[in-house]
Amino acid sequence: MFRDLAIIVFEDGFYLPGKVYGATGRALGEAVFATGMTGYQETLTDPSYYGQIVIQTAPHIGNTGVNQTDNESKRIWVAGYAVREGSRITSNWRSEGALEDALKEQSIVGICEVDTRALTRHLREKGALKAGIFSGDALPAGAENLTEAALANLVSIVCEQPAMAGAALAGAVTTKEAYVVAPTGEYEGKTPVAKVAALDLGIKSRTPEQMAARGIEVHVLPQSATLADILEIEPDGVFFSNGPGDPSTSEHEVELLRAVLDRKIPFFGICFGNQILGRALGYGTYKLTYGHRGVNQPVLDRATGRVEITAHNHGFAVDAPVDEVSVAPYDDGRYGRVEVSHLGLNDGVVEGLKALDIPAFSVQYHPEAAAGPHDAEHLFDRFLTMIEDNKESK
């Protein structure tokens, strides 16, 4: 199959040629690599990837096509897409179309037949970088033999885009209107075992589905929701979802969570929600060199001693004491003692927090496992147990 030229360019001048994959034009974003060997559709529709050019380290993408069932939201959120080889055929009984057609339909500019191993190694050495994919009319004349001047122009376009550090993006991906996910399975049509207010910072559809399967009625609220909106639901628990952007910009979410913690409403947060809990407790956050993205990240659950293989997508982390129980720094220890409950075994990054004096915990990864391993799904059971224990204590 003949494909036109495409070029991917990093802010430091590193570039590689490839071929058009998906739409043609220009895509700008932060270049990151994802190590999942499966689950490309879930990756593409994960709102946490908003503003990022995703480089797939698995060499063959698109084999099983796409379908409506596996979407984690209503659209593709990545800024751009880079793959080594896009599958020329689709072969799966659940397939409803080809991946590349979906990229074209949603105007996602991509590149294929590019050395994704070289791109990944460069990001491993340099850290996440601003990047751009250029094809079609976005390419300079004579791009087949790129001159220094033409490359410098492309690099300047890449560098002019805003950095991920300092970006407030949750408001761009959140639901516009609140909605309810009713209990399912054996709980369908019955009185819910609990009600949870879930703040959508970039929530994936499988997350409320996991709670609904446990008999929970989930009220999904926009990122701009207020404490009054939450209290109106009379929730038994509050949940903060995953999402894109820099947690240091999330003043509204932090203050909202502090108001929840003050009322001792059980709280569970994942990914971005973990970082918000860290900030609410008074800890700092920082940007990782190249982040954790994929479905094969080993994490130690320090309470059980189990090593769980988990799904990740985060470029920021919480800066909290790892080797000791600490007193939450905010407001002279207002929220009591906190421990780091989970550790990333690849690099020692904080992967979970547990408050010991209030009902609140969080993890940095995606226990809903879309796509990914199911090792951490039990955390939704832990949340429900916390809710039930809180009810009994009243």
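Rings of Phe, Tyr and Trp (its six-membered ring) pair if their centres lie within 6.5 Å; planes under 30 degrees apart count as stacked, over 60 as edge-to-face and the rest as tilted. The model shown here is predicted, so local features need pLDDT of at least 70 and side-chain atom pairs pLDDT 80 or more, while totals for chains, interfaces and linings use all residues. Residues are numbered from 1 along each chain as its sequence is written, and side-chain values use heavy atoms, without hydrogens and water.

**View A. Five Phe rings form one aromatic cluster: Phe239, Phe268, Phe361, Phe380 and Phe383.** By the pairing rule, the count comes to 9 aromatic pairs. One of them is tilted: Phe268 and Phe383, 5.4 Å centre to centre with 50° between the planes. This pair links distant parts of the chain, 115 residues apart, with Phe268 in strand E14 and Phe383 in helix H10. Helices (H or I, at least four residues) and strands (E, at least two) are DSSP runs, numbered from the N terminus.

**View B. Thr120 lies in helix H3, residues 116-126.** Is Thr120 buried or exposed? Thr120 counts as buried because its relative accessibility is 12%; buried means under 20% relative accessible area, exposed over 50% and partly exposed in between (1.4 Å probe, protein chains only). Leaving aside neighbours within four places in sequence, Thr120 is in contact with Phe33, Ile55 and Thr57 (heavy atoms within 4.5 Å).

**View C. Glu234 sits in the loop between helix H7 and strand E13.** Look for its positive phi of about 55°, although Glu234 is not a glycine. Glu234 is exposed because its relative accessible area is 61%.
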